[in-house]
Amino acid sequence: GGGAPPGGGGAGAPPPRRGALGGFGFDTVYDLLFVRPFAALARATRNDPVDRATEGTAGAARMLHSILSATQSGRLRWYSATIAAGVILILAIALLT
Amino acid sequence: MILLWLILLPFLGGILAWAGAALFGAAFARWFSAAVLAAGVVLSALLWSTAGSGGERWIAAWSVPWIPSHGIALSLSADGLSVVLVALTYGLGLLSVVASWKSIERAPGFFHFNLLWILAGTAGVFLATDLVLFFFLWELMVLPMFFLIAVWGHENRVYAAIKFFIFTQASGLLLLAAILGLHFVHAANTGERTFDYEALLRHGATGTTAMWLMLGFFTAFAVKLPAFPFHTWLADAHSEAPTAGSIILAGVLLKTGAYGLIRFVLPLFPAEAAAFAPVAMAMGAAGVLYGAMLAFAQTDLKRLIACSSVSHMGFVLLGVFALNEAGLQGTVMQLVCHGLSTGGLFVLAGLLYERLHTRDMRAMGGFWTAAPRMGAMALFFAMASLGLPGLGNFVAEFLILFGTFAVSPAAAAVAALGLLGAALYSLRFFQDVFQGGAPDEGASAGKPADIVPREAVVLAVLAAGLVFLGLYPRPVLNLSADAHWTVGFSRCPAGDAATTPQTTAEADAPAKPTDSPGIVADNPVARITPPETTP
């Protein structure tokens, strides 16, 4: 929040009185130094940026799901090719180590 | 035996309430649950009255073998800390049943079953001194709470329930790994296979092994507490849960995390905890500020209260890891007073929701004229939450800041800013809802009716507790001081100091364990005696 501070009262009064009426501008200073930055920060973090990390893990799981489920195409030649590739990989590991 | 009944009562009562609701209707489930929990309150009061007689470690203990081949037993023990928290569990449980007397229309039998089983698990966690039993009861709390949120929650309940479940399960897995690790390390060092708490205190693990085990326990409890940055499940779970669920979550379930830190992390790994304390205190101070800022920015009333819990639990983390008497005393006070004050705020949010069917504060305003008694109560709990002197929360936060200052003035200074934040969000809540003008015709949710006697009783009991503890915190402070042998601040028997190589001597604020009951003399912070009246 923080509306306009009640400064600038007594425009027609002599200088010392004018300053006293306006609280010597303290409200304006506080408003600029504390109220506005805090309100802006609070508004920016309203939805908890830390929670984005949590949401990120959920998003990653969803992405993995869509990638892996795309391989479940029902096409036999892809399945057999994957099995063949796996056999070659295992044999390669067995022979080369 | 009284300890066993403290768990069996809600455990069996839950089954009977569910079965009885099917046979005799919803009213039976409500009256029966209330009666069971009232009996629990009486039992915990009985236990409380037997406390403090001698210098024994446990006020009461009970144990039978369960799986002897693996050293697993059904063992329950209560010291001052357990008794305070068990009493809080039953008291808030009873109030939450009364507070949601009229608001549960869907499956009331199953609702009360879940509620009682959560309380059975929680009371058990506070009493179990066998780590397998502890873990079993720790998990027992989670499932019924999942149902409570997922079935009786608000519009976004399934998301919140699953999030809650994943967070607690993941942290539960860490806890299980840490418990098993501790068991095997202990078995390797001593040749004895046991899960008994007091035996495991002499586990003999050192170096990185002990550090990893400590981190396992710490993380599991920090998620439950919740400590920044593990807090993100809390805002969703609290705001989507039904009123009773929110009260139990904030008032009791979070306390199991703090209890775990005091009961397990500090006594099992004193040196590691001391080494880790600066990190934990930074997490605590960050949580205090971050929670307060989040709370200030919320427009959802229950979300505001939930975020304020993050802030208050940051104080708990600070108090625990200040590693001195004042910090620990303040922590226990904070656990009780946060339960009462946040419980009161959630009751109020529930009352407003029942009347207006919204939690959006932008649709509220100027309710003081329509519901002055509710407004007065709201003002009271807002003041309690911001730590007004004279109420329990002030004593708690003062002691925590006092203990923290002795160790780290910087952390204390940062956390003290949290008090300012608490004033901001508490007053904003009160202003938005009860003061000012009503919002525009289209956006307004209407005017609430004032509170009825049943609701007034619930709020008055919570308020009376806060005033009592604010003016006379001794009962809680005395009782919890009995429990400090576990952390070696005061009543640590000499035999233990000899067998456990790492005592708190290495802590930042050294507090040497002594034989004599009472307070260590050469530590300026430990010399604090509990204030008898408001400081």
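## Helices α6 and α8 of chain B

In which kind of crossing does α6(B) pass α8(B)? The crossing is left-handed. The model examined here is predicted.

Helix α6 of chain B covers residues 157–190, and helix α8 of chain B covers residues 207–224. Their axes come within 8 Å. The crossing angle is roughly 150 degrees. Angles over 145 degrees count as roughly antiparallel. α6(B) and α8(B) are therefore roughly antiparallel to each other.

## What the α6–α8 contact is made of

On the α6(B) side, the contact residues are B:F167, B:T168, B:S171, B:L174, B:L175, B:A178, B:I179, B:G181, B:L182 and B:V185. They meet B:T209, B:L213, B:G216, B:F217, B:T219, B:A220, B:F221, B:V223 and B:K224 in α8(B). Sorted by class, this contact has 12 nonpolar, 6 polar and 1 charged residues.

## Helices α12 and α15 of chain B

Helix α12 spans residues 301–321, and helix α15 spans residues 392–407. The two axes come within 9 Å and cross at roughly 40 degrees. Roughly parallel would need an angle under 35 degrees. α12(B) and α15(B) are therefore oblique to each other. α12(B) passes α15(B) in a left-handed crossing.

Which residues of α12(B) meet α15(B)? They are B:H312, B:F315, B:V316, B:L318 and B:G319. Their partners in α15(B) are B:E397, B:I400, B:L401 and B:T404. By class, the contact has 5 nonpolar, 3 polar and 1 charged residues.

## B:I262 in helix α10

B:I262 sits in helix α10 of chain B, which runs over residues 243–268. Is B:I262 buried or exposed? Its relative accessible area is 5%. Buried means under 20%, so B:I262 is buried.

How far apart are B:I262 and B:V83? In sequence, 179 residues separate them. In space, the C-alpha to C-alpha distance is 14 Å.

## Chain A

Chain A has 4 helices and 0 strands. From the N terminus on, its elements run α-α-α-α.

Chain A has 97 residues, of which 9% count as buried. The chain exposes about 7600 Å². Carbon and sulfur atoms supply 71% of that area.

Note on methods: Residues numbered from 1 in each chain as written. Chains lettered and ligands numbered in written order. Predicted model: local features only at pLDDT ≥ 70, side-chain atom pairs only at ≥ 80, totals over all residues. Heavy atoms only, no water. Axes fitted to C-alpha atoms, helices over the stretch in contact; angles between N-to-C directions. Helix = DSSP H or I, 4+ residues; strand = E, 2+ residues; numbered from the N terminus. Parallel < 35°, antiparallel > 145°, perpendicular 65-115°, else oblique. Left-handed = near helix turned anticlockwise from the far one by under 90°. Contact = heavy atoms within 4.5 Å. Nonpolar A, V, L, I, M, F, W, Y, C, P; charged D, E, K, R; others polar. Buried < 20%, exposed > 50% of the residue type's maximum accessible area, 1.4 Å probe, protein only. Areas by Shrake-Rupley, 256 points an atom, 1.4 Å probe, with all protein chains shown as cover.
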